[in-house]
Every structure is written in structure tokens, then in C-alpha cells.
Amino acid sequence: MDIYTYMYLYLTPRNSVRNHHLSGNFRTLVFLCLEKAASLREQKECESNLSTWRVHNALFIIRVSLKHLLEKHSESDAALHLDGSTTIPQLTSLEPHTLHTSTPSLPQNSTPTHSNETAAYGTSKKSTSVSEAVSNPILESLAQQTAGHILQTRVPSVGGSGINEGGLPSQRLVEGVASLLCHVSLGPFTYDVHLEAVHLLLVFLSSQVRPQTASGIFVRHILTIRNDLASVLVHRLLDHVISQPPLPPHRSQGPGLISSVTAGLWSLVTLNRGVASADPTHSPLAKDSLLLLLVLTHQQAGGHNPYRTALGSFSDERGDKGTSSFSVSLEKIYLTMCSQLNDESHALLLYLLLQGNPNVASFIFSRSDIEQLVLPLLKQLHDHGNESSHHVYMLLIILLILSQDECFNKSIHEKIVPNVPWYVERRLAAVPLGSLMVMILIKTVQVNITHIRDKYLHTNCLAALANMSSHFHSLHLDAARKIVNLFKLLAKKHQRISERLSSDPSTPTTPTTPDTPSLDSDCTTDRVILEEVLQMVLEIINSCLTHNLHNNPHLIYSLLYQREIFEPYRSHPSLMDLVQNMETVVSFFSSKLEQSGPSPYSSEYVLSTIEQTAKAWPRNRLRLFPELKFRYVEEDQPEAFFIPYIWTLVFKHSSIYWDSSKVRFS
């Protein structure tokens, strides 16, 4: 029977949602779709307009129908329509209300629900046969053939080692669609097939963003896929991200009425999102492949995830593959990341690769053109650093991971950026990349403390600065000033809170003005937090002076210029040792200036004196403190943060229309 007959049968109004789990038409459409998809492995079939449109249309109808079931009903209902009862021969004799299946739920982001939604299927208690579900005589005959076809259909192998024919139809659909993506070549005729297959897997996984009606079975099917198939799927999706395959110049038009129907449905479902396809460089396949890759790799991050394992173990195609899952061009990955960091999805992928794949991390750290990656990161942070958003967090975490490498910290201070047109505070010319990074991070801290007041945000900024501090070299004057001014800003706020508590220690007041540095409503807690930040800033300055004083005359100049800001902390229990180091440096260079003649001194003269005096600086005069080293470590359940964030990106950027009112995060 032709696949379009089943499409017509499935879309017949009388064959409504309440009867699909009885007639088995949806399952039969799935089986026939997989049969047609298996034939696309042959090159001649991939070049056939008719063959590819049959598969595309079937995938489209399955995807739209499944999405409808997940949005309007529940994951259990969707699984019921795909899998039927526990044994297929009982399909036409069980009462509707007995067809609910119970499946264990995933431990995160899912709430098992076993509802008694018999109203969704009708309240009749009598047995319902296939012939009763479809009253049209012609369709009745087709439907009875359908019931027999369900028992006879065997899905051929698409991936070479076969699909699990003994598994549930929903599981076989997942494996079949994954095999299609892995083993059907991408070309002008199969572009839309690949895109629709990606969309179908995204819809499968979307059940987890509806935790009130989710059972977790679809996510479990995705995670229990064969490891070799998961590895090839990750490889194929990553290839799409790297190659950015554009829409074919002349997209194929399918034959006949069904193509017109699906084309109309497509324009309706996507709400004309395809208008951007007029751009020849636009690649919806690359965009949606990246979103699918992110969703796949963040499922159960703390447990078994074959996709995350594959993404964390691939290697460079020019090196020894060894035990890696697959090999790709790391050069192409690096260049893709550098050119696409304005996109949140690419920033998240870069984080995954730096954090989880040592081969990629080593390759990036060894780059001599590291400024191609760092400059776009800093620009994004400069443009969005006044926001408390997931994107800003990811940018800061990436910079923190980069700052963990000593070679990176050394190289960025040797790179000179000739011009920074996007830096709006002032015109910068010939500034070291390391100094620019210091300026952007400190600007982010200042904005956060004044307006956003997010402890997590400024902690990451200061941790990255601390990792860099012992490698500060030839700090730009603006960078040195910003470091000292940050301490000055924090000191003023700390003193203001201390005075308020001293005036009325029994009645902590809640700050009400934007100028009041409140990270908590309790002023005592605010003071403790500010003292921690003050200590961190002093440790950063001290680390630079201990390891690289003679190479940073601008920092010494800034300390001399604002030496009075350290005086209130000479006797502070947790800060006095660090302040003593600052005063030792300031006193040494002040005495040298006084010996050269009476003040006032020009800035050029002071800098020249500092540079000359630094050569005679006795390195053992400062008290040594432990070297500052901070490392980023994921929390025990990172999916609690990442899964909602990634699905927000999917809803915002994918080619699929999502009804946001049907989405709920637990």
C-alpha cells in the first residue's frame, strides 16, 4: 500500500485522536516511513525527487502529529499512539481506558503522571474495533489491511547493524531517524529530509519541558540508543555545524496533491519563518543540528549519556585517532567557533568542548592566533555585561576555563591589538590583549556590584583575574587604573555599610537606593561579602607585584596616585597583611621620587622613575602568599541549569514553531 494512502487515512477527520491508538494507523505510518527511509541509503534513491519527498512528508506528518499529542495531551498518550498496548494482538479488543501504560520516569525534570484521561478517548465501555473506528467503506477496507500490516511490518536496517526489531515502535522510530541522519548522504534532494529528521528528534525530546505530563520514556529511548550509532550521529551533527550547509539553490518540489498539502502545512506550522532562507549563507540545518546536539549532550549529564561521551572523546583528523570516538578537523571547529560566538548556541558548544574534550582544549590553548577567539568573547561580554543572563554566565565561564592555562595567560599579554572599535569608553590603540581582558572583566564586576548584584557573576570575573594576575605584563594604564579604582569603589561601599551598622548595630537596615551595595537584605551579610571581594582584589594586586612588579610600571603609578585608599585597612584582621605589602611597594617608590627632587612631578617623570627604580627592587621584600589558582567545576546536577537554558534557545532559534503556553519547567 502506498505511503500516501496511510497519510490520507491518518489525516481523515473521523479517524480522530481517540481512535488512532486502536486503528494502529500512526504506527503503520511510522513503519512505512522507516522502510522508505532505509531505501535512501542507495545513491540513486537519494537523487530521486519522489523517494525523498515521500520520506520527508511522512516525517513531517509524524512530527506534527507527535507534537500535537505532546502539547494537547501527555507523553503517555503519545507513547500509546506509537506503541499501542503491551501486545499488538490485543489492539482491537482492549477498552480505551485500559490502554494507559505505566513507565518509570527520569530522575530529573520529569514528574510521572498516570492520568485517567478517558475523556480524551471517549467514555464508551464497549470494545472498539478498527472497523468501528472508521466508518467510510473504502477507508474501512484500508484500515483492516492496516491492522494486519502492523503485525507483518519489519523495518530493514538503515545503519548497517540493524534496528532493534523487538523494541517498541517509538524506540524503533528513534533509532530509524538517527540512522537516517547518520547514513543517508546529504544532497540537494535529501536536505529537507535531514532537516525534518532533526526536527522530529527535537520534538521527541521536547516532552521533558512538559514535566506535568511527562513520563520520561522518549528521553530514555534517546539515551539507550546504541553507542556506535550515537557516536556517528554526534559526528554528523557536528559536521553540519562546521560546514554550515546552505539551503539548496532550487529546493525540490514534490509531486502531486500531497506535496501541496504538506507545503501548505509547513508554511502554517513554521509561521513563515523561512523568509530568512533568501540569504544564500543561511543554514537552518546547521542551526537546528547544533540545537539538537546541545539537547542530546545535556541529558543526564551526571549519568550515562552516549552523546556526551562521543562529543568528549573525538580527536583531530590529522592526528592519531587512538581510542577517540571519531575524528574531525579541529582547525575548522576553531574557525567556526571564532566566527559564530555572537550566537549563544555556539558559545555553549565552545563551553562543552573546552570543558569536556581535552583534545579540543589542548588544540585551542596551542593556537598562536588565540586573539581570534578571545576578541569576540570580550566584545560579547562588553555588549551584554550589564545583564544577568545565561549568555553572560557562559562567556565568563569560558574565560575562566581559558585562564586556567598558563600558556594562555602568558600569550594574551604578548598579543597587541592595534584597534578596538567596539570599546566605547575611550579610544584604544595598540593595547595588549591581556590588558583588554582585564578591563572588560573589571567593568563587568563594577556594573554587577552597582546594579545587578549577582555574587556568582562577579566571583567568576575575579577568579579569571586571579588566574591571570601572576602573568600580568605591561598592563595598559587604563587596566591598571581600573584595578585600583575597583578597590576604591568597594572600599567606599564597605565603609558606608560599616558606618550604618556602627550607628545602629541592633537594627540592620534594608538598602533602598541603587547606590547601596546589597547582595542580601542583611547589611551584616553585605559587609562580609564586600570584605571577601576586597580581599580578592588585594590578592590580585599582590600577586602581580610579587611575580611581575618590574614589568608593570602603570600599576605602581596607580598605587602611588591613590595610596590613601589602603590606609583604613591597615589594621583590618583579614586584610592587614595584604595592605602591608601594598604599603611596602608604595613607600619604596615614593622615597625614590622624593630623592630625585621636590614635587610636583609630571606623569612622564614619575613613570620614568618607576621604570628605572623597578630594576633595583629587592624581590624578597614582599611577604609571599599562596599562588592564586581557581578552576571551574560543574555542579553535581548541571542539567538543572543547562536544560532550561538550552530549551529556551530551541524555542527562540529553531525552525519549529513552539507554543510557549504549553511549555512548563518544573
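Gln244 follows helix α12 and has a positive phi, near 50 degrees. Please bear in mind that what we are viewing is a predicted model. Which residues of α12 are buried? They are Leu229, Ala230, Ser231, Leu233, Val234, Arg236, Leu237, Leu238, His240, Val241 and Ile242.

I turn now to a pair of helices. Two packed helices are described by the angle between their axes and the distance between those axes. For α3, residues 25-39, and α6, residues 75-83, the axes come within 6 Å and cross at roughly 65 degrees. α3 is therefore roughly perpendicular to α6. On the α3 side, the contact is made by Phe26, Arg27 and Val30; α6 contributes Leu80, His81, Leu82 and Asp83. Sorted by class, this contact has four nonpolar residues, one polar and two charged.

Finally, the aromatic residues. The structure holds 17 aromatic pairs. One of them joins Phe487 and Tyr569 edge-to-face, at 5.8 Å centre to centre and with 75 degrees between the planes. Phe487 belongs to helix α24, while Tyr569 sits in the loop between α26 and α27, so the pair ties together parts that are 82 residues apart in sequence. Elsewhere, Tyr351, Tyr632, Phe641, Phe642 and Tyr645 form one aromatic cluster.

Notes: Residues are numbered from 1 along each chain as its sequence is written. This is a predicted model: local features need pLDDT of at least 70, side-chain atom pairs count only at pLDDT 80 or more; totals for chains, interfaces and linings use all residues. Side-chain values use heavy atoms; hydrogens and water are left out. Axes are lines fitted to C-alpha atoms, for helices over the stretch in contact, and angles run from 0 to 180 degrees between N-to-C directions. Helices (H or I, at least four residues) and strands (E, at least two) are DSSP runs, numbered from the N terminus. Angles under 35 degrees count as roughly parallel, over 145 as roughly antiparallel, 65 to 115 as roughly perpendicular and the rest as oblique. Contact means heavy atoms within 4.5 Å. Ala, Val, Leu, Ile, Met, Phe, Trp, Tyr, Cys and Pro count as nonpolar, Asp, Glu, Lys and Arg as charged, and the others, Gly among them, as polar. Buried means under 20% relative accessible area, exposed over 50%, partly exposed in between (1.4 Å probe, protein chains only). Rings of Phe, Tyr and Trp (its six-membered ring) pair if their centres lie within 6.5 Å; planes under 30 degrees apart count as stacked, over 60 as edge-to-face and the rest as tilted.
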